[in-house]
Amino acid sequence: MTDASGAGVAGATVIVKGTPNGTTTVGDGSFSLDLKNAGADAVLQISFIGMKPVEVAVAGASQLNVRLEEDTQLVDAVVVTALGVKREEKALGYAVQKVSGDELGTVKTTFVGTALTGKVAGLQVRNSTEFGSAPTLRIRGESPLLVVDGVPYEYVALSELVADDIESIDVLKGASASALYGAKGGSGAVMVTTKKAKKEGLDVSVNSSLMADVGFLAFPDVQTQYSSGAGGKYLLNDAVWGDKLDIGRTATLYNPYTYENEPDQPLVSRGRNNFENFLQTSFVANNTVSIAYKGKLGSFRTSVNHIYNRGQYPNTKLNKTNYSLNGDLKYKRFSLSAGLTYNYATYPNNYGTGYGKGSYIYNLVIFQGTEYDIRDFRNYWVKPDEQQNWVVNGSWYDNPYFLANENTHGDKQHLVNGYLTLGYDLTSWLKLSARTGVDAKNGRQEWREAWSSAAAPRSGESHKKGYYEIQKRTGFSINQDVMFTADKTWGGFGLNVMAGMNAFYRSWDTLSGYTQGGLSIPGYYSLKASVNPALAASTMSRRRSMSLYGKATLSWKSMAYVDVTARNDWSSTLPAESRSYFYPSVAGSFILTEALPKMRGVDLLKVRGSWTRTKMDLGVYDIDRSYTISADRWGGMSGADYPDKIRGSVNPETKDAYEVGVAGIFFGNRLRADVTYYQTLSYDFVKDGTVSNASGFTHKKINTKEELLRRGAEVMLSATPVKTKDWRWDTGVNWSLDRYYYHKLDPEYSNASPWVYEGARWDWIAIQDWERDPDGNIVHGSNGLPVLSQYKSKRGVYTPDWIWGWTNTVKLKNFTLSFSFDGRVGGIGFSTTDQALWNGGSHPKSANQFRYDEVVNGRKTFVGRGVKVVSGSVDYDAYGRILRDDRVFAPNDRVVSYEAYVKEYNPTAYRPRWQNYFDQSFIKLRDVSLTWNIPQPWCAKLGLKSASLSFIGQNLLMWTKGFKYSDPDSIDLSTGEENLSSPSLRLIGYNLKLNF
């Protein structure tokens, strides 16, 4: 049995038509079958996943050679499931969605995860705008397991994979789909299959792309009419509430070339575009060369990839090099496959983001006016290595160029991962396989803080005499499986049984050294330069687990399928009495089109359902507390602190999940639909419970009685509305929603707030609101400023109402246009950027008539919108609910300083305020590619098999409902917060593919 390339097909089913007599092909595609009682007219029925079924008449032959052809309509229905097993999608009782590697290899940036945005129903992707920050993936609100070629590596992340090396990504959406991975797979799995050699002979490919930023989707705009200062006067070391610019006024200003303060300098807006001028053009170059060869006994593929990403801030640049090699060998009943990947990544600095000292936006946008041109401060030293050149020589702000080049966090990382899989066909229906996966990580980080630095992001020291720290980290894991697989058919029945064992070990170590009291020699970054004796710190963790697992699949006439799995783990991080824990799953699907009369236009219609129980162990050392050792505690001697927690007896955290769904294929695969409903109940949460101080401890580990419920729905629709000789249009829509509820509360440990009750949402955000009258108007005090409630109240939920994606591919002869939209609807998020801009006096809307009257005309004219209390009072309970209220209100008429009001209404962004939470809704034009497939005669003249040239773009357009100065795509998925995000970049470029 061979495929179109002549390679043997292992695992194909061969049945004598009309009888239970059958077998499966072994590693080289051969099979043997006893046909003594079959008769002269015997016919063999042959089938294999992704291939067209065939029937072959035996006609007395003793040997048959059969070539199977790929079924282009059904090949997409083949998916990779747990433990790397390929199965037909129609046989699965749970939701799975595939993304082809072809969708990842054209619009290529730094990280693969971005390309998954909007392409999988139920998969939410957070795309950060920060340099070197990889996308965050959530399936049904939880972090999935990453599996590469069947191995769940411990230290390999999706961000370390190369788009050009990926054949496909199969997203297993629930615990049932990934139950055989145990606790690791309790939140679903992202199954990555890497490319192997496909066709016989030699194949060389080049994939080169370059993308550069050409503008912004979201940018923190500022007002340019008022200077730094306070009270309408120009001042140093303050916010941007100063004097009016460009009306002929003067002040004493710092000269960045003479390093002197010079009096009577004109106050003009020299730096209207300071932040944009500080930024540099960002670009990503992503290039891959691969070589593949396939022979009769085996194949290999090797590739090298290099990514260079220059960030939008000075001194941000990422260099990544990835080398991979894989191959396989098949000889009679024996098979072998192996792969090895080496990844090296380095960058000099990734500091300068977020809210606080050391942030570029904080220093240059929020708290610095435009009376200076930032480009005049490129020479950031007054005295090299000792004193920086900046307008403010104080304790809070820094020259952004100084921050970028002198206050740095650099990293170098080496990562090696590999696998070896051996298989042997014991019989035509029984196979033994063993797989080992190993990954090892080694890294070195350095933190530097220069003399005169106001910011101390790593050390926290305020002496401004510098700091240096170095940290080395090493990680290692090994994952080993041994499996027996049996596959038998009897008439219309089929039984596939798998039993195996797994051994897992993981280690992680860090070793750090850091200075104390500053650096004795400015600019000399070494532990030897520590003013006080340098300190050292180390961490170490080890984890081991052993597992037994099994799966049985019973099928009947390609109509009904039932999967039953079981797994038992023994974990080193649990107490001996609960170290062993068991979790089962059951799933089933029924193909309605096989049971019902044939319906016109209906190719496949199935219903499915599954249930599973997953348990999760504890973290390393959670139950085995050790002494805390501290150096130089007294007279140069070290000290040890006894732990304050006792072990307690706890069970693993548990999740029960079920899902049901229906899927259909219609009109010759022109229309596909899939609808899923899921529910997950989590309980036995492990927390620190309080104990009497008389015991000598303060806490112990306990299981709470609280239960949390997740439920949601997912819809996937895909269609080919147009399909002619020259035209083809493929389109797909993914839609999902998730809802989170309290199912049961723990009377002692659950939150006691009024909005917490059984059936209520648990993904809430609660903050202090302003005091309000019965009509919702803000109450003002006798000073004319808004009155902040002393009690928290529920502001909303951070989870979107639903997320969606829409993908399209239009082909016309040699041209292909692909584009995708995606977005979120609903959910609220806190905009640190908005509140910080208001608080600092830089918000564009703060330059208004009220401010002009106050600063230029010397008149306060602002009156806060709302009410004041004329008489009466109000009483609250402990949670802010009104017990008694006899207040009498009148419209507020108290005139106040506009600056004072805005600062009260928008204090430091560390204290979020009600009005700065916005709707997260947005729509993005995520990816666009226009590809020209160069005609074959042209390629032949150039010695090419094929070639294509593409115009590509990413992050091209965005509409938002609430967020204006930052990208809601960067909001933290767990908290709903945006943390002074960097500008969101629009990228365009080209992609060139050559195949030799």
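This is a predicted model: local features need pLDDT of at least 70, side-chain atom pairs count only at pLDDT 80 or more; totals for chains, interfaces and linings use all residues.
**Exercise 1. Find the largest cavity: how much space lies in it, and which residues lie nearest its centre?**

Solution. 
- Step 1: begin with volume. The largest cavity contains about 510 Å³ of space.
- Step 2: go to the middle. Ser-128, Thr-129, Glu-130, Gln-954 and Leu-987 lie nearest the centre, and they belong to a lining of 29 residues.

**Exercise 2. Which strand gives the most to the lining of the largest cavity?**

Solution. 
- Step 1: At least two lining residues come from each of β19 (298–310), β54 (922–933), β55 (946–960) and β57 (984–995).
- Step 2: pick the top contributor. That is β57, with three residues.

**Exercise 3. How do the lining residues of the largest cavity divide into nonpolar, polar and charged?**

Solution. Sort the lining by residue type: eight are nonpolar, 15 are polar and six are charged.

**Exercise 4. Now describe the second largest cavity: what is its volume, and which residues are closest to its centre?**

Solution. 
- Step 1: the volume of the second largest cavity is about 250 Å³.
- Step 2: this second cavity is lined by 24 residues, and Val-148, Thr-194, Ser-324, Thr-341 and Asn-417 are the closest to its centre.
- Step 3: look for strands. β20 (317–331), β21 (334–347) and β24 (408–425) each bring at least two residues to the lining of the second largest cavity.
- Step 4: sort by type. The lining of the second largest cavity has ten nonpolar, nine polar and five charged residues.

Methods. Residues are numbered from 1 along each chain as its sequence is written. Side-chain values use heavy atoms; hydrogens and water are left out. On a 1 Å grid over the protein atoms alone, a cavity is a set of points where a 1.4 Å probe fits but cannot get out, and a pocket is an open set with protein on both sides within 12 Å along at least five of seven lines; lining residues have an atom within 4 Å of a point. Grid points are joined across faces, edges and corners, and a volume is the space filled by probe spheres set on the points. Helices (H or I, at least four residues) and strands (E, at least two) are DSSP runs, numbered from the N terminus. Ala, Val, Leu, Ile, Met, Phe, Trp, Tyr, Cys and Pro count as nonpolar, Asp, Glu, Lys and Arg as charged, and the others, Gly among them, as polar.
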